[in-house]
Amino acid sequence: MRQFSDGWNNPDNLHSWLLAFCAGVISLRFLEQLPPPGLTVAAAALAALLAVRGRWLRPVAAYALGFCWAGVVAAALLDATIPVGMEKRDAVISGRVVGVPAAGEGYQRFDFEVEQLQHRGVTHPSPGKIRLKIYQDQPRIRSGQRWRLTVRLKRARGFNNPGALFNYETHLFHHRLRATGYVRTRPPPVLLKSHDPHSVAAFRARAAGFIRDSLEPGGRAGLVTALAVGLRSDMRDRDWEVLVRTGTIHLVAISGLHIGLVSGLVMLVCGWGWRFAGALPLRLPAPKAGVAAGLLAGFIYALLAGMTIPTQRAVCMLAAVAVAMFFQRRPFGAETLVLALAVVLAFDPLAPLAAGFWLSFGAVGVLVIGVARTRTASRERSEAPSARRVLRQLGAWSAIQMLLFIGMAPLLLALFHRVSIAAPLANLVAIPAIGLAAVPSALLGLLLYAAGLEQAAALAFQISLWVIDALWNLLEWFSAAAWSVWQRPPPPPWSVPLAVVGALLLLAPRAFPAKRTGLLWFVPLLAAPGGGGAPGPGEFRYTMLEVGHGLASVVQTRNRLLVYDAGPRFPGGLDTGETVVVPFLRQLGAPAIDALVVSHGDNDHSGGHRALLEHFGAKRVLTSVPEMIPGSQRCRAGQRWVWDEVSFEVLWPPPWSPQGRIRGNDASCVLKVSSAFGSVLLTGDIGKPAEEALVRSRVDLAAEVLQVPHHGSKTSSTAAFLERVRPALALASIGYLNRYGHPHESVRARYARRRIPVYHTAGEGAIAVSFSGAAISVRGHRGAERKYWLLPPERLAAQVRVRPHRRAAAFIP
């Protein structure tokens, strides 16, 4: 520990080595492709040999060691996956249920540690941990059970869209989940070993059930469960939204704040009580005994919270602080922060993939600065009267909240594209209420429940809920305020480090040189346009988003925005309108939707429209099912308008509908978007009857880009229709390994015979087509934003340029 007191620029300083090691681990997070493992290990060995001869190369060796360690872990995890030929085919697995299963609408979701994997009688290497669903008509799954299951698996994968706040594929990789799937009913699951009722996971599940049963249903009992045992599946969506808008979401995610509060409370109580333990303080001083007890309490709380990755990170940081205090070093200095960072990255080299990693250490770094400033101020004002001293302490607490707001703003804008303006005021009250009242009450309830005193435990949980309810009135008031959240498009990556420098300057002491220039460093972060800039006059950009089996797409002109279909809302609550389309529109910096077209009433096209109308509204809504969307108009052939020299024309359905025969998929609104640079034909889910009617009509169907009708089902994309459209390329919105087999083989063959390339969202992620200049450019988001842990694109590894079939010089808007 003595080396911590040496200078930072000393290559023999332990600090320098730890920082270099951390930099090596973190740098792997930004790679598009992993280097060969042998080359990585050889480079680390060479750096270590050179470090023996040159003391200034020792930090380089530490950097290489960190990079090598992270690379080896990542490579081993990438290798632990299922063969491509096994996807969506029956496989037999045996293993153990890990964690606490989560209940959904008609299913259970659980993580499963695979010990043996067999496919067609051949044993394959285990993929490690996977995530499964089992449906209601099958046995109930409990933590710790061992099962033999027949499953259908696919590689870990998630949607890949611009502006998304959450990447499920990254989440799965970070949590070491290498495949997802579901349990088959035939043959039935076989229980190999029952669960251990005395395990921590079993206790957490029972405690969660007890809290659910003992508190009023339909209320905020899910918040108490989250604080007590770290299970957040019972929390309501509207409660999540309140916490997000007020910047208090960290209060229900058991992490450093909760574990630190519990550990600190136990440390103070045990340290005080140890003084009366006879001769024991002579062998172990009371402060050190309190530190040991606090560390143990924090570890037990982390176990009760499931020892998730955020709690593991918190325990590592707590251990670093405890070691510093035990050896009588500054517990909240930069030395301890660097030690904690190194411990976390050595324990979990994939931690930089999680937003919580950056937020945790960013917040602790800001607090280190805040504590230093508070100490300076307290030394200057220690002679103040007691009443005034209390006011100054309150002022210091308020100042720390403002420091956190300023210091965390760059990271919050980079990660979530918004900052809660209400956060400093909300946290000023919420942190003491939750940390000093709600959490202790919930933990007391756990202790009483473990002791069998269920009535007393129910009262303790009820007290925790009363505290939360009293606080909630204030949080809801902040959340409802129009000024509570400031949102902006995602900033360019290079602007984030500049804003961090600006934040550090603003947090610096008053006498620090250039402190007043801090705001200038924020200018690139705040002023950079979103979405890559708007198209020019006559140009437009069409983006087909990845929403699984469904359709959601956006047409952007210079000053206007049209959304064609809103994506599905899946059973279980996943609304792609909320999670995919809304973040994409915010990335574009859209203040409102100028027109929303919902082609027809099927959920996979219309399910997300409520989220779009709630967040943005729409100046005009066209649909073939106006009875489903209040205030909308029926789309009819002949409707036409022009925005920014770009023409929009509805081609189908006809103004008349003989005897109501046109309905369902064939009633989909067909929209053609055209300009001097090309055109795109959006077809919804029309099938053969609607296609034949359009072919017989005199409308101009010719378009450079075609949205494949009905996701490529065998009842669509007829030969006559393709001959009339004559697209240069086609785009299909499909789910990965979807159960319908879209696009159908016969449909693929029809496109292939006409040499029309078909790109689909399951292989490329979101697909953006820019109509500008001499050629049409096509770009897949999976290929444009490659990372080593994400599945590679199927075809669009780079931008593709397509020359239009016909120049539209005669186009008259």
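Reader: In which sense do strand E10 and strand E23 pair, and over how many bridges?

Author: Two strands count as paired if DSSP finds at least two bridges between them. Strands (E, at least two residues) and helices (H or I, at least four) are DSSP runs, numbered from the N terminus. Here, strand E10 (residues 540-544) and strand E23 (residues 767-772) pair in the antiparallel sense over 5 bridges. Within E10 and E23, Arg-541 stands opposite Ser-770. Please note that this is a predicted model, in which local features need pLDDT of at least 70 and side-chain atom pairs count only at pLDDT 80 or more, while totals for chains, interfaces and linings use all residues. Residues are numbered from 1 along each chain as its sequence is written, and side-chain values use heavy atoms, with hydrogens and water left out.

Reader: What is the order of the strands in the open sheet, and which strands are at the edge?

Author: The open sheet has 9 strands with mixed pairing, in the order E15-E14-E13-E12-E11-E10-E23-E24-E25. Its edge strands, E15 (633-634) and E25 (800-802), each pair on one side only. Helix H19 (residues 576-587) packs on this sheet and touches E10, strand E11 (552-556) and strand E12 (561-566). The direction of H19 makes about 165° with that of E12.

Reader: How are two packed helices described?

Author: They are described by the angle between their axes and the distance between the axes. Axes are lines fitted to C-alpha atoms, for helices over the stretch in contact, and angles run from 0 to 180 degrees between N-to-C directions. The axes of helix H7 (residues 237-245) and helix H16 (residues 454-480) come within 9 Å and cross at roughly 70°. H7 is therefore roughly perpendicular to H16, a term for angles of 65 to 115 degrees.

Reader: Which residues of H7 and H16 make the contact?

Author: Contact means heavy atoms within 4.5 Å. H7 contributes Asp-239, Glu-241, Val-242, Leu-243 and Arg-245, and H16 contributes Trp-472, Leu-475, Glu-476 and Ser-479.

Reader: Which residues does the disulfide join?

Author: A disulfide is a pair of cysteine sulfur atoms within 2.5 Å. The structure holds 1 disulfide, which joins Cys-635 to Cys-669 with an S to S distance of 1.9 Å. Cys-635 lies in the loop between E15 and strand E16 (640-643), and Cys-669 in the loop between strand E17 (646-652) and strand E18 (670-675), 34 residues apart.

Reader: Are Cys-635 and Cys-669 buried or exposed?

Author: Buried means under 20% relative accessible area, exposed over 50%, and partly exposed in between (1.4 Å probe, protein chains only). Both Cys-635 and Cys-669 are buried.

Technical notes. Parallel < 35°, antiparallel > 145°, perpendicular 65-115°, else oblique.
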